[in-house]
Amino acid sequence: MAPIVLYHFPPSAPSRVALLTIRNLNVDAEVKQVNLFAKEQLSPEFIKMNPQHTVPTLDDNGFYLWESRAIAQYLVETRGSSDSHLYPKDPKERALVNQRLYFDAGTLYPRVRAIAYPVLFLGEKKISDEKRNHILDAFTYMENFLEGRKWFCGDHLTIADLSLLASLSSIIHIGASLHNYPNLRRWYEQCADINGYEENDEGAKIFVFAHNLRKFACKCFCLMTVTVRDEKTKIVAQ
Ligand SMILES: N[C@@H](CCC(=O)N[C@@H](CS)C(=O)NCC(=O)O)C(=O)O
């Protein structure tokens, strides 16, 4: 069987959820960059695979799947060991992971996106109090989820941590501070040891340069390509 293919765009937090899962399963994967700034996701070839034209999109030997968290779940189901803690089989443990995944999908990520999208694509320079307060409310929930827990679902890293890390790192690099959230800060610091952490961070850091990047994005991303290795994705100039 050919290695799985992940269609990926580094600044996209959902896309990084899938990539982090691949890295934490140590799966052999080909990562192909889809340049959203150049609207490559709207090509007929891509729409044939994913009519919703979103990254991440997974190609597992002709089986196409999108929605980052569904991809993470599928990858652990199909590539994880039978006792993988990343997505536990016990119904209650799994339910807790699902709750955190839905929290990210329905609460944290949309609040991050409400800030990130206008910054990255529309050149917005001010973040309204309302949007900022929405994010801080989400941080408060997360602070409580982590009370008495090392990771978001207990003693082990799960795909919920990977999902939340991808979303949180974007807003951190836009400028959010975890100063008032000691549990969340401690968790975020400990994430530095997760496989693929730096690769995720590199994608999230693009927001630091967002204002300038917007002007040069198309040019820059057209000059870059992602080469694929078993262990790490490297972005190299062609
Ligand atoms: N809920 C989806 C969100 C995916 C999504 O909206 N991806 C954006 C990038 S962050 C995208 O591909 N946008 C391109 C488009 O919609 O054409 C997931 O978790 O995968």
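Of the 238 residues in the protein, 37% are buried. This is a predicted model, and the protein in it has nine helices and six strands. Among contacts between residues at least 6 apart in sequence, 70% join residues at least 24 apart.

- Four strands make up an open sheet with the order 2-1-3-4, and their pairing is mixed.
- Strand 2 (29-33) and strand 4 (63-66) are the edge strands, so named because each pairs on one side only.
- On average, neighbouring strands of this sheet are turned by 20° against each other, direction ignored.
- Helix 1 (residues 13-25) packs on the sheet, where it touches strand 1 (4-8), strand 2 and strand 3. The direction of helix 1 makes about 150° with that of strand 1.

- Strand 3 (residues 57-60) and strand 4 run antiparallel and are joined by four bridges.

**Around the ligand**

- The residues surrounding the ligand include Ser-12, Pro-14, Leu-36 and Gln-41.
- The run His-53, Thr-54, Val-55 and Pro-56 also belongs to this shell, as do Trp-66, Glu-67 and Ser-68.
- By class, five residues of the shell are nonpolar, five are polar and one is charged.

**Backbone details worth a look**

- For orientation, most residues other than glycine have a negative phi, and most peptide bonds are trans.
- The peptide bond from Val-55 to Pro-56 is cis, with omega near 0°. Pro-56 sits in the loop between helix 2 (44-49) and strand 3, and both Val-55 and Pro-56 are among the residues surrounding the ligand.
- His-53 lies in the loop between helix 2 and strand 3. Although His-53 is not a glycine, its phi is positive, at about 45°. His-53 counts as partly exposed because it has 17 C-beta neighbours inside 10 Å, where a buried residue would need 20 or more and an exposed one 12 or fewer.
- Lys-39 is in the loop between strand 2 and helix 2. Lys-39 has a positive phi of about 60°, again without being a glycine. With 12 other C-beta atoms within 10 Å, Lys-39 is exposed, since the cut-off for that class is 12 or fewer.

**The buried side of helix 8**

- In helix 8 (residues 197-204), the residues Glu-199, Asn-200, Gly-203 and Ala-204 are buried.
- These four lie on the same side of helix 8, because they cover an arc of only 140° around the axis.
- In general, an α-helix has 3.6 residues a turn, so residues three or four places apart point the same way.

Conventions. Residues numbered from 1 in each chain as written. Predicted model: local features only at pLDDT ≥ 70, side-chain atom pairs only at ≥ 80, totals over all residues. Pairing = 2+ DSSP bridges. Helix = DSSP H or I, 4+ residues; strand = E, 2+ residues; numbered from the N terminus. Axes fitted to C-alpha atoms, helices over the stretch in contact; angles between N-to-C directions. Contact = placed C-beta atoms within 7 Å. Near = placed C-beta within 6 Å. Nonpolar A, V, L, I, M, F, W, Y, C, P; charged D, E, K, R; others polar. Arc of directions from axis to C-beta.
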